[in-house]
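These are my notebook entries on one structure. I went through the surface, the fold, the salt bridges, a hairpin and the nonpolar cores, in that order.

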Amino acid sequence: MRNSIAIAVSLRLRPNISNTLPHHKFRPTCFHSHEGHTISCVPYPAPQTKPMALHFEILGRFNRARAAQLTLPHFVCQTPLFMPVGTQGTIKGLTNNELERIGCQIILGNTYHLALRPTSELLEEAGGLHNFMNWPRAMLTDSGGFQMVSLLHLADITEEGVTFQSPVDGKPMLLTPEESIQIQNRIGADIIMALDDVVKTTITGPRIEEAMYRTLRWIDRCIAAHKRPHDQNLFGIVQGGLDPELRDICVKGLVDRNLPGYAIGGLAGGEDKDSFWRVVAQCTAALPEDKPRYVMGVGYPLDIVVCSALGADMYDCVYPTRTARFGTALIPEGVLKLKHRAMADDTRPIDPTCPCMVCKNYTRAYIHCLVTKDAMGSQLLSYHNLYYMMRLSRNLHTSIVEGRFPKFVCDFLQTMFPKGDVPEWVCNAMEVAGIDISSCCAPFPSCQEKYSSDEIGTNDIHMELRLTHTSYRPTRNLEI
């Protein structure tokens with residue numbers, strides 16, 4: 001079995017970059033395989049003091065919210081955007097053609113799991129993960145750092161790195177910042193993440209400070225190990241738990257390194273929603289205006305709308321596809337439980353306003369028959385849920401560019417909370433974002449967030465998300 005942590009060998013993909021154009025021009029960059037065939041050709045910005053393989057252009061704003069064009073080596077993306085999680089090079093239940101059809105721009109893979117299987121060496125031999133899985137658009141790889149939380153019982157964290165007990169064969173596996181970057185260089189994603197020291201936000205005390213400062217020390221090791229800055233973008237990850245001072249220190253330290261982009265990490269791990277949005281607001285306000293901002297592990301539609309209003313650009317989570325496998329569909333009103341008995345004779349589409357293939361061709365009753373007995377049920381719901389997320393991303397982008405973002409936010413909230421019971425944390429976040437949502441909020445000082453089980457059980461549109469708005473459940477867990 002190949003050693004997934006071996007020293008990186010010669011890379012198979014190299015950018016063909018002319019150095020003769022003036023710095024204010026854009027040049028086409030063509031990537032070639034080792035056989036000489038062109039893989040893709042996209043606009044590429046001239047290198048700056050530190051070479052970067054992206055161009056980030058803001059196309060529209062409303063206060064803190066922004067819509068941008070993010071040009072990456074394999075695709076030109078529109079932000080805000082949501083990235084489905086394909087841990088080992090696949091989005092469960094969907095083909096690559098289907099992902100392209102619904103408008104997916106970037107998919108996420110996981111360094112730790114790809115290094116174990118199929119191994120980074122095999123991926124490099126295949127010309128990178130893009131070639132291996134036949135995905136023509138952009139890709140982002142996580143560093144493997146989140147496994148410090150999700151596989152903590154198998155991990156030992158030191159200054160050198162993190163030693164995992166392999167879930168495949170039980171052997172120890174040392175993942176250092178250098179090795180994480182070397183593996184990601186072989187995988188070849190457009191965006192690669194620095195290895196960070198990840199702790200749950202519910203943890204308090206000196207461990208939070210230790211992790212933040214270690215994250216800053218490790219970023220320098222990641223930068224030094226990065227051998228493909230012309231065609232892969234290294235993002236740093238802001239840590240610091242729920243401590244504003246530690247977050248400020250980490251933001252400043254990362255910004256001083258002049259990285260192509262920045263992620264806000266360490267959230268979506270059980271913290272209360274009031275703390276969640278405040279950390280996002282603090283970090284987006286301090287990060288550079290001309291670089292993309294990525295909030296890791298965020299997948300609830302409401303949270304994406306709020307974070308976009310606060311100035312974030314990118315999101316990822318397993319939530320849309322994982323909840324689909326449990327028979328749940330995302331709809332503008334919240335979520336729809338297709339396993340519920342009320343769905344058995346309901347001949348309506350999942351969402352009458354949705355133009356996706358599933359809503360055009362299948363009824364709730366049909367999918368109800370499938371979700372408990374046939375894999376096709378979860379496949380159809382995964383397709384619909386990801387279409388919903390891509391459509392939400394497009395609507396966010398378009399509404400900001402066209403100057404109607406406040407109306408989009410109010411319409412979104414009125415549909416999800418028709419009684420005006422918008423959660424208080426959302427009201428507070430929107431006030432900071434400078435968006436007046438008074439027209440869709442009930443006139444009482446404290447927003448009600450509790451519903452009786454009878455009310456939920458008798459409604460075919462099950463607003464379970466309302467019950468989770470006080471604490472964040474989706475995490476950066478893997479697609480399993």
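Entry 1, surface. I looked up the accessible area: the protein exposes about 18700 Å², and carbon and sulfur atoms supply 53% of it. Areas come from the Shrake-Rupley method with a 1.4 Å probe, and for residues only the protein chains shown count as cover. I note that this is a predicted model, in which local features need pLDDT of at least 70 and side-chain atom pairs count only at pLDDT 80 or more, while totals for chains, interfaces and linings use all residues. Residues are numbered from 1 along each chain as its sequence is written, and side-chain values use heavy atoms, with hydrogens and water left out.

Of the 480 residues, 59% are buried (buried is under 20% relative accessible area, exposed over 50%, partly exposed in between, with a 1.4 Å probe and protein chains only). I also checked contacts, meaning heavy atoms within 4.5 Å. Among those in the protein with a separation of 6 or more, 67% are between residues 24 or more positions apart.

I searched the whole structure and got 22 salt bridges, each a side-chain nitrogen of Lys or Arg within 4 Å of a carboxyl oxygen of Asp or Glu. I then took three of them in turn.

E159 pairs with R217, with 2.8 Å between the closest N and O atoms. E159 is partly exposed at 31% relative accessibility, and R217 is partly exposed at 39%.

R207 bridges to D197, the closest N and O atoms being 2.7 Å apart. Here helix α7 holds R207 and the loop between β13 (191-193) and α7 holds D197, so the parts tied together are 10 residues apart in sequence. I read R207 as partly exposed at 22%, whereas D197 is buried at 0%.

E402 and R404 form a further salt bridge, with closest N and O atoms 2.7 Å apart. E402 is exposed at 52% and R404 is partly exposed at 36%. I also traced shared partners: E159, D197, R207, E210, R214 and R217 are joined by salt bridges into one network.

β11 and β12 pair in the antiparallel sense over 4 bridges (pairing requires at least two DSSP bridges between two strands). V162 has L175 of β12 as its bridge partner. The two strands, β11 and β12, form a hairpin with 6 residues between them, and G170 in the turn has a positive phi of about 80°.

The largest nonpolar core has 116 residues, and L413 and I437 have the most contacts inside it. I define such a core as buried Ala, Val, Leu, Ile, Met, Phe, Trp, Tyr and Cys residues joined through side-chain atoms within 4.5 Å. Helix α14 (residues 375-401) gives the most to this core, with 11 residues. Leaving aside neighbours within four places in sequence, I437 touches V409, C410, L413, V422, V426, C427 and M430. Another core, of 22 residues, lies apart from the largest one and includes L72, I106, A138 and M193.
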